[in-house]
Amino acid sequence: MAKKIIVTGGSGFLGKQLCRSLMSEGHQVRNIDLRESSEMPTEIADIRDAESMMRLIRDADAVFHLAALIESGESVKFPQKFIDSNISGTLNVLDAMRENQVPLFLFSSSAAIYGEPLSVPINEDDRTLPINPYGMTKLAMEALVSSYVSSYHMTGVALRYFNLYGPEEHHEPESHAIPRFIKQIYDEEEVTVWGSGEFQRDFIHVSDVVSAHSLALSYAESHPQQYHYYNISTENPTKVIDVIKMIEKEIGKPAKVKHFPDRPGDPLVLVANSTKAKEQLKWSPKISIEQGVAETVKYFSSIWQKS
């Protein structure tokens, strides 16, 4: 059944692809973002502006809340910015939903809430001890959502995913590993790698994360007034150095790898157990890392060849 859905951050990497998917399913989608979307009407507004959220977040069945600051390194330098956007901004969205009777809140959480895991794969109810202010804000956002579910009978969903990647990822500056590696190898620049490259990360394709959001919407509607939280994981971590080799093969150029010292707090293996999402949401990842890297390289190469 078609729903009226609001997406905050719908002009971003994940948001744009989620909005497309929701519209293709027949839902009526409204985007709230600081940047105009080329694909749909956008309400230009800042989630830190409580009055704007109160005015805009109404007459809807659900809110997908993607708008947030995401760079963990930046959060160490500017923690207050992350508190203002991620925590206060989320509070403004939740308050508008409560006041205007929008019942269902789904949002992007993060593996960063766990910090350094005691063991892998990480389960949803394992220890949460963030090691940077970004992870702290995501954990606080989860706590806000669960408290609103308990206090105001709302329905909440947190999707905790790991290293999101795929076509159409554009950040300035680009700090995420896969698009950064692609650009560095394509331009024959040094490829910066922390440590030996043996670190294993759970790279998950954007289309698999989009499908998790859609399935979570259906599940939450049939299980209302509860707080649901899921790891969205491939359960198949890949060594950073192996990702670089895949990109070398696709581009046809050797990587000029430059190794830097290990970063403190970087676990050797970071991967989660996604059994709960598979059982409850009927979700499973479809895109292998090899297929995903190939199509991501193709996307960026086609853009750079045109320019």
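Reply: Buried means under 20% relative accessible area, exposed over 50%, and partly exposed in between, with a 1.4 Å probe and protein chains only. A salt bridge is a side-chain nitrogen of Lys or Arg within 4 Å of a carboxyl oxygen of Asp or Glu. The model is predicted, so local features need pLDDT of at least 70 and side-chain atom pairs count only at pLDDT 80 or more, while totals for chains, interfaces and linings use all residues. Residues are numbered from 1 along each chain as its sequence is written, and side-chain values use heavy atoms, with hydrogens and water left out.

By the salt-bridge rule, the count comes to 14. One of them joins Glu39 and Arg20, with the closest N and O atoms 2.7 Å apart. This pair links distant parts of the chain, 19 residues apart: Glu39 is in the loop between strand S2 (28–33) and strand S3 (42–44), and Arg20 is in helix H1 (residues 13–24). Helices (H or I, at least four residues) and strands (E, at least two) are DSSP runs, numbered from the N terminus. Glu39 counts as partly exposed because its relative accessibility is 33%; Arg20, at 31%, is also partly exposed. Both residues belong to a network of salt bridges that links Lys16, Arg20, Glu39 and Glu168.

Asp95 forms a salt bridge with Arg98, the closest N and O atoms being 2.9 Å apart. Both lie in helix H4 (residues 79–100), 3 residues apart, which is about one turn of the helix. Asp95 is partly exposed at 22% relative accessibility, and Arg98 is partly exposed at 32%.

Glu142 and Arg160 form a salt bridge at 2.8 Å, N to O. Glu142 lies in helix H5 (residues 133–152) and Arg160 in strand S6 (residues 155–161), so this pair ties together parts that are 18 residues apart in sequence. Glu142 is buried, with a relative accessible area of 4%, and Arg160 is buried too, at 5%.

Asp208 is a charged residue without such a partner. It lies in helix H7 (residues 206–222). Asp208 is buried yet has no salt bridge, and the nearest side chain of opposite charge, Lys286, is 6.1 Å away. For charge, Lys and Arg count as positive and Asp and Glu as negative, with His and the chain ends not counted. Leaving out residues up to four places away in sequence, Asp208 touches Trp283, Ser284, Pro285, Lys286 and Ile287, where contact means heavy atoms within 4.5 Å.
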